[in-house]
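Visitor: I am new to this structure and would like to learn how to read its features. Please show it to me, and then take them one by one.

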Amino acid sequence: MRNNKLGRLYRDGEIVINKGDEGSCLFVIQEGKVEVFDENGGGEIKIAELGSGEFFGEMGLFEKDVRSCTVRASGNAKILTIDKKNFYKTIQKDPTLAYRLLQKMSFRLRELNKKVIQV
Amino acid sequence: MSMRDFSSEHFVLEDGSKIAVIGGGPAGSFFTYFAIDFAERMGLDISIDIYEAKDFTCAGPQGCNNCGGIVSESLIQSLSAEGVVLPSKVIQRGIESYTLHLENGSTVIKTPLEEQRIASMFRGFGPKGNTDTNTASFDNFLFGLCQEKGARVISERVSEAIRTADAVTLTTKDGNKARYDLVVGAVGLNGKALSLFKSICPSFEPPETTKTYISEFQMEPELIDKHFGNSMHVFLLNLPNIKFGALIPKDNYVTLVLLGSDINMEIACSFINSKSVMKLFPRGIKLDDITPCKCFPSINVKGAKLAYDDRVVLVGDSASSKLYKNGVGAAYITGKAAANAAIFNGISANAFKKYYQPVCSELDNDNKLGKFIFSVTGIIQKSHLLKGALLSMVISEQHKASHKRRMSSVLWDTFTGSAAYKNIFVRCLNPLLLVSLVWNIIKSTLNLIFKKK
Ligand SMILES: Cc1cc2nc3c(=O)[nH]c(=O)nc-3n(C[C@H](O)[C@H](O)[C@H](O)COP(=O)(O)OP(=O)(O)OC[C@H]3O[C@@H](n4cnc5c(N)ncnc54)[C@H](O)[C@@H]3O)c2cc1C
């Protein structure tokens with residue numbers, strides 16, 4: 001098989017981020033999908049499904065807190081990590097690199113607000 | 001001659017402003033992509049025409065911008081953060097390690113996180129005669145991103161640029177004329193194209209260059225997997241004029257790149273026929289029979305001076321690059337910085353001086369340290385003893401935790417172009433690295449003495 005995707009290969013169901021773990025990097029999906037889960041009354045609820053080009057784990061870049069959700073590969077997925085240190089060094093020189101991250105976080109907040117209102 | 005208007009309020013982009021980008025290589029495309037992106041964020045309605053003489057969907061020289069085809073780790077990371085994921089057809093191979101070859105042995109150095117963080121690609125549709133429909137051009141992919149954002153591609157060569165009172169007028173080889181508020185020079189190192197800027201950017205001094213060598217070897221993917229793997233093979237051999245040689249595996253080609261000073265066919269042959277290189281290829285293979293393409297392209301070894309004027313800015317190789325490495329990454333940095341300056345700060349010479357030139361100066365200053373680092377590797381290249389010490393140090397590091405593989409990470413960044421030379425230089429001064437190097441030199445000296453005895 002041609003080896004033409006970047007990042008690390010996660011097999012179907014493999015955990016990329018474990019809720020409660022310490023995290024210091026951002027993940028960008030190069031190929032495939034992941035599912036994001038949170039715990040609710042002892043069970044798990046799926047809160048999002050993300051595909052190629054999307055990122056997750058961004059809270060780990062800005063907060064010292066532990067990971068807030070569990071993320072698992074849904075089917076085989078290739079995922080690239082962006083290290084916190086490198087990322088900060090780069091946005092120090094080029095702050096516009098953070099635009100997309102802010103845009104996406106603002107979009108996610110808007111979606112969350114909608115859900116809260118629905119509940 | 002028309003009078004030039006020097007009041008700075010005339011040098012800002014407004015709704016309806018027109019920009020021409022001459023050259024659709026990475027620098028031209030990155031400028032375009034970010035200029036449109038920033039303008040959208042600012043609610044500014046501008047239009048961009050990209051003039052490109054090549055057709056990146058063609059195999060061979062017609063579509064090729066002569067390059068080793070490595071997309072560095074730092075560029076991949078930045079593009080990912082920008083939301084740009086390279087499509088699988090563009091990625092020829094994910095690179096997960098590099099193999100350092102010296103006359104006295106070889107060693108593999110894995111990426112720090114054990115994931116594929118570097119890509120190999122073709123700038124056009126592969127070497128002459130390529131028919132593999134699974135190949136897609138990197139430059140064409142970037143072009144596509146710009147077109148999606150609304151840029152217009154004009155497949156013509158620009159042959160003249162003339163400044164008028166409040167604009168710059170371009171004429172193409174076919175005789176078409178158009179007037180622009182800003183002209184961006186992203187023509188690479190093409191001497192004729194650079195001379196277009198004499199009239200509209202009189203103080204501009206083009207970059208200094210030297211000749212390099214690239215050739216392609218066509219092989220079955222299975223053979224490439226077996227002999228080269230997903231590793232970039234880097235050679236530090238004691239051969240004249242060659243600072244650095246690399247074999248870069250693609251899907252069904254292996255690209256050879258030789259960097260140094262004024263490389264000619266004789267020098268290239270001495271490298272190809274060396275024992276360290278030949279042992280990598282299948283035994284008995286006739287390399288001449290599997291070489292569809294070879295060329296001696298120029299590379300930027302010293303940045304241009306004053307690569308801007310009112311309504312004119314040059315980016316990428318035409319301005320400043322990164323010495324010997326990551327030229328595409330430098331095209332991203334300068335292209336984006338020029339777009340940033342133009343959209344947010346204006347298009348006067350003063351705006352470019354204040355907001356764009358510092359980025360070029362940083363690259364130029366970093367290259368001075370790069371020159372020093374490459375002169376040190378040059379000394380190592382010539383010394384059997386130092387090469388032995390380097391090799392034993394790197395081999396012994398492979399068993400250590402990744403943050404303790406100091407020399408390996410220095411070499412990784414030097415050869416992949418992933419970090420600034422300043423950063424590499426500072427890491428070289430780490431006392432633990434220096435102690436370990438001295439210890440390995442002593443060990444190698446003792447080894448040599450005992451061998452002689
Ligand atoms: C041997 C070698 C190996 C290299 N390997 C790597 C590598 O592995 N990784 C890496 O990142 N960098 C590498 N580089 C550097 C890299 O190729 C350059 O830094 C990069 O191409 C610069 O991009 P650019 O857009 O500035 O110029 P170019 O890529 O040269 O693009 C200029 C474009 O302008 C067009 N053009 C020129 N004149 C006109 C005109 N008058 N009208 C219309 N269009 C015009 C040309 O057709 C061309 O498409 C290598 C360079 C060499 C020489």
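Visitor: Where is Asp262(B) found?

Guide: Helices and strands here are DSSP runs, numbered from the N terminus (helices are H or I with at least four residues, strands are E with at least two). Asp262(B) sits in the loop between β17 (253-260) and α6 (265-272) of chain B. Its phi is near 40°, a positive value in a residue other than glycine. This is a predicted model, in which local features need pLDDT of at least 70, side-chain atom pairs count only at pLDDT 80 or more, and totals for chains, interfaces and linings use all residues. Residues are numbered from 1 along each chain as its sequence is written, chains are lettered from A and ligands numbered from 1 in the order in which they are written, and side-chain values use heavy atoms, with hydrogens and water left out.

Visitor: Is Asp262(B) buried or exposed?

Guide: Buried means under 20% relative accessible area, exposed over 50%, and partly exposed in between (1.4 Å probe, protein chains only). With a relative accessible area of 52%, Asp262(B) is exposed. Asn241(B) also has a positive phi, of about 70°, although it is not a glycine. Asn241(B) lies in the loop between β15 (231-235) and β16 (242-249) of chain B, and at 34% it is partly exposed.

Visitor: How many salt bridges are there over all chains?

Guide: A salt bridge is a side-chain nitrogen of Lys or Arg within 4 Å of a carboxyl oxygen of Asp or Glu. A search of the whole structure finds 24. One of them joins Glu103(B) to Lys387(B), whose closest N and O atoms are 2.3 Å apart. Glu103(B) is in the loop between β5 (97-102) and β6 (105-110) of chain B, and Lys387(B) is in helix α11 (residues 384-397) of chain B, so this pair links parts 284 residues apart. Glu103(B) is partly exposed at 39% relative accessibility, while Lys387(B) is buried at 2%.

Visitor: Which residue forms a salt bridge with Lys19(A)?

Guide: Asp38(A) does, with the closest N and O atoms 2.7 Å apart. Lys19(A) lies in the loop between β2 (15-17) and β3 (25-40) of chain A and Asp38(A) in strand β3, so the pair ties together parts 19 residues apart in sequence. Lys19(A) is partly exposed at 32% relative accessibility, and Asp38(A) is partly exposed at 22%.

Visitor: How many aromatic pairs does the structure hold?

Guide: Rings of Phe, Tyr and Trp (its six-membered ring) pair if their centres lie within 6.5 Å; planes under 30 degrees apart count as stacked, over 60 as edge-to-face and the rest as tilted. The structure holds 22 such pairs over all chains. Among them, Phe34(B) and Tyr332(B) are edge-to-face, at 5.8 Å centre to centre with 70° between the planes. Phe34(B) lies in helix α1 (residues 26-42) of chain B and Tyr332(B) in helix α8 (residues 327-345) of chain B, so the pair ties together parts 298 residues apart in sequence.
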